[in-house]
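Here are my notes for your first read-through. Please keep the model open beside them and check each point as you go.

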Amino acid sequence: MEIITIPCLQDNFAYLLICPKTGDAAVVDPSEAIPVKKEIKHRNVKLTTILNTHHHWDHVGGNKELKADYPELKIYGHASDRGRIPEQTEFLEDGDDIRFGGQSGSFLHNPGHTSGAITYVFGKSAFTGDTLFAAGCGRLFEGTPAQMHDSLNQRIGQLPDQTELYFGHEYTETNLRFALSVESGNTEISNKLADVKALRASGAFSTPTTIVEEKQTNPFMRCTSSEIQASVKSSDPGNDLSEKEVFRTLRELKDVF
Ligand SMILES: [Zn+2]
């Protein structure tokens, strides 16, 4: 399966997935229709499917216009997002699969950023929306720190180490700077920050990351690190240093970083 990154709005990513056998395509989180339509035309593929990771406007903003152009479109989202994702036709529940062209995939329900947030998984590629960003995670709009901790560590974090993670926003540089602020001795973080700065200076994007890189650099997946625990303790002396409490304080610190 071919994956094309489509920058949208200010810092959003949509992704065009192309089935090489049939030429059918799916688009993950079309923030807006125009750049997606341009890419479809340029690649000469047939759009059959929209995969929405959650209901926020900057992830579903192109749904209506694309549905008007391609009336047969299947539009996937979590069952609990019924009424919140424009034009949704497929309402995913645990165990359901996703098909377009000759491709089949699955999904993980990972509440925290929103209650219906999901990650799509096609082989070794996963699309995490605003749940996992490189070196970070989404804000907790509709979930608790404990839910988000589980979503990142028990659900997404259980994917194989080499899984490539395609995320929803180009926030990597700021996220890595925050990560360094709570774990300054972690050279994986400082090395990645240097790499990402060079990448961004050349006009490229930092997506995708991988599970193994996130386990090394994402503070929200490193709540057992002794250096992170010491940072948390210094800003929140009453913290009991259970993984979920460390996560809660980290998220609060990031909210004001
Ligand atoms: Zn969002």
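**Notes on the model**

1. Helix H8 (residues 226-235) packs with helix H9 (residues 243-255) at an angle of about 70 degrees, and their axes are 10 Å apart. Axes are lines fitted to C-alpha atoms, for helices over the stretch in contact, and angles run from 0 to 180 degrees between N-to-C directions. H8 and H9 are therefore roughly perpendicular to each other. Angles of 65 to 115 degrees count as roughly perpendicular, under 35 as roughly parallel, over 145 as roughly antiparallel, and the rest as oblique. The crossing of H8 past H9 is left-handed. That term applies if the near helix is turned anticlockwise from the far one by less than a right angle.

2. Some ground rules. This is a predicted model, where local features need pLDDT of at least 70, side-chain atom pairs count only at pLDDT 80 or more, and totals for chains, interfaces and linings use all residues. Residues are numbered from 1 along each chain as its sequence is written. Helices (H or I, at least four residues) and strands (E, at least two) are DSSP runs, numbered from the N terminus.

3. Which residues of H8 and H9 meet? Ile228, Gln229, Val232 and Ser235 are on the H8 side, and Val246, Thr249, Leu250 and Leu253 are on the H9 side. The contact residues of H8 with H9 divide into five nonpolar, three polar and no charged. Here Ala, Val, Leu, Ile, Met, Phe, Trp, Tyr, Cys and Pro count as nonpolar, Asp, Glu, Lys and Arg as charged, and the others, Gly among them, as polar. Two residues are in contact if their C-beta atoms, placed from the backbone, lie within 7 Å.

4. Now helix H1 (residues 33-43). Its buried residues are Ala33, Val36, Glu39 and Ile40. They cover an arc of only 135 degrees around the axis, which puts them on the same side of H1. The arc is that of the directions from the helix axis to the C-beta atoms. On the other side of H1, the exposed residues are Ile34, Lys38, Lys41 and His42. A residue is buried if 20 or more other C-beta atoms lie within 10 Å of its own, exposed if 12 or fewer, and partly exposed in between.

5. What covers the buried residues of H1? The cover includes strands E1 (2-8), E2 (12-18), E3 (24-28) and E4 (46-51), as well as helix H3 (63-69). Just after H1, Asn44 has a positive phi of about 55 degrees.

6. Check two further backbone angles. Glu87 is not a glycine, yet its phi is positive, about 65 degrees. Glu87 sits in the loop between strand E5 (74-78) and strand E6 (90-92). Ala135 also is not a glycine and has a positive phi of about 65 degrees. Is Ala135 buried or exposed? Ala135 is buried, because 29 other C-beta atoms lie within 10 Å.

7. The peptide bond from Thr207 to Pro208 is cis, with omega near 0 degrees. Pro208 lies in the loop between helix H6 (187-201) and strand E14 (209-210).

8. Last, Arg139. It lies in the loop between strand E12 (136-137) and helix H4 (145-155). Arg139 counts as partly exposed, because it has 15 C-beta neighbours inside 10 Å. Leaving aside neighbours within four places in sequence, Arg139 contacts His113 and Asp255. The C-alpha atoms of Arg139 and Arg251 are separated by 7.7 Å, although the two residues are 112 apart along the chain.
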